Amino acid sequence: MNKSIQFDAAGRLRHFLTIDGLNRGLLVRIMDVAESFSSVTEQQVKKVPLLRGKTIVNLFFENSTRTRNTFELAAKRLSADVLNVNIATSATSKGESLLDTIRNIEAMHVDMFVVRHEASGAAHFIARHVAPHISVVNAGDGSHSHPTQAMLDMFTIRQCKGDFSKLKVAIVGDILHSRVARSEILALNTLGTAEVRVVAPRTLLPADAAGLGVKVFHDLDQGLSGVDVIIMLRLQKERMSGAFLPSEHEYFTYFGLTGERLAKANPNAIVMHPGPINRGVEIDSRVADGPQSVILQQVGNGIAVRMAVMSMVLGGYGMANVGVAS
Amino acid sequence: MVDFQLSVEKMLDRLYAGLVAEITRRELHDPLMIGIHTGGGWIAEKLHNRLGLHDPLGLLNISFYRDDFSQIGIHPRVLPSNLPFRVEGRDIILIDDVLYTGRTIRAALNEIFDYGRPAQIVLGVLIERDGRQIPVQADCIGGRIDLGPDEKIKLSGPDPLALSIHCS
């Protein structure tokens, strides 16, 4: 896919579609800007006027609760107007093509599309076809990419653990179908993480897993040994078209995160999950709700990180040519 | 940079005296002080101690309230505003280093009102210059200067505080 499409001719971030092709400086900058927005929630009026007069369209072709809500709240906290297009009741469901849907909404003088789609590459496709003044933010495309989720996870890790160069991070579960895992691996490696591990049964790993710059484990106890951060992934049953697992019960037996297994990690390890959680499938409730869990902190951080991405994309970010990987 | 230096100490004395008089004249009750990041924060720190105010000093970063966001984009590292008190119903002394176009003060007022509705706001600046673009005036000033269209006045600090004039 064309990575440079994310930048305009002056090197400013125009679309936010994938972590691939972004350099460490830009990822750090996104986290810094997100940090700056932390005081907004303390205000009586929980918004700043940065995107006043801008219209942001949430175009979700796939179900979402957290992501859509936090994008909407982030846009509103930046004072943008938000249009949520309900695809189920829109003309798309009556046979209108994706491009026709885009063209029609474009005619309403909007400034940004936040796109979630079940097809990998959908956000890139839309970014290639929108009018020059419109930006596109990828809110998840198929099994390909979910860059804002990756950035809010990086932001949460930085808040809890600081320096990435000293961290061992394990991503556990359905790596094969996970756009979050792909984006996180890219982001963790770009940020210089000491060791990135993936832990999964062979059926839920992509064939080229080792080529992603990770250590591969098929045994959870070994994979968790000595790690500082554990990122649990949801079993993406909706993307499984074949027999990947004998049963959910068996999956939990071998790959579910219990208190006993958590004890294999460093004592201060944090437990993350992008949600929604399948309790008793990939994670035990006592761990999900336990003292090492930062799952709800991730949700709150989603707003700040999405505010950062939207404000940087719609306002440039003052410096050109610093974001592209060299 | 032009070889020119203004006495910040004298201006601080004048600003302090002006604020003391204004607190009496406007009958400010137990006022809060807020400095605008960065220069206004340095000036406010000096005045806050001298005026013996009870509440801690507040610091306002108006980056998210600037009216030129669409031209210059977002600053990569914005120190969050820190107002360690409730502003609702309070009297506030707002401090900045240089009053020029008035746009910074407009942004600061907008941000303060997003934290609550103060009773009164008094504006004190170390120095005001010509070139106002919107109807904003200071209540108390430490000094005044007229500059050419290519000249800019800048406060460096925090220790020592010094004003200098630069030609662009």
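Me: Which order do the strands of the open sheet in chain A have, and what pairing do they show?

Reply: Two strands pair if DSSP finds at least two bridges between them, and strands (E, at least two residues) and helices (H or I, at least four) are DSSP runs numbered from the N terminus. In chain A, an open sheet of 4 strands runs in the order E2-E1-E3-E4, with parallel pairing. Its edge strands, each pairing on one side only, are E2 (81-86) and E4 (135-141) of chain A.

Me: Before we go on, how should I read the model and its numbering?

Reply: This is a predicted model, in which local features need pLDDT of at least 70 and side-chain atom pairs count only at pLDDT 80 or more, while totals for chains, interfaces and linings use all residues. Residues are numbered from 1 along each chain as its sequence is written, and chains are lettered from A and ligands numbered from 1 in the order in which they are written.

Me: How many bridges join E3(A) and E4(A)?

Reply: Strand E3 (residues 112-117) of chain A pairs with E4(A) in the parallel sense over 5 bridges. Within this pairing, Met112(A) has Ser135(A) in E4(A) as its bridge partner.

Me: Which strands does helix H2 of chain A touch?

Reply: Two residues are in contact if their C-beta atoms, placed from the backbone, lie within 7 Å; axes are lines fitted to C-alpha atoms, for helices over the stretch in contact, and angles run from 0 to 180 degrees between N-to-C directions. Helix H2 (residues 66-77) of chain A packs on the sheet and touches E1 (55-60), E2, E3 and E4 of chain A, its direction making about 180° with that of E1(A). H11(A) also packs on the sheet, touching E1, E3 and E4 of chain A, and its direction makes about 150° with that of E4(A).

Me: What are the domains of chain A?

Reply: Domain bounds come from an automatic or database domain assignment, which for chain A gives domain 1 (4-145 + 302-315) and domain 2 (147-299). Between them, 26 residues of domain 1 of chain A are in contact with 22 residues of domain 2 of chain A. On the domain 1 side, the elements that give two or more residues are H1, E4 and H11 of chain A.

Me: How many residues of chain A are in contact with chain B?

Reply: Here 18 residues of chain A are in contact with 16 residues of chain B. Helix H1 (24-36) and helix H11 (295-315) of chain A each supply at least two residues of that side of chain A, and H1(A) gives the most, with 4 residues.
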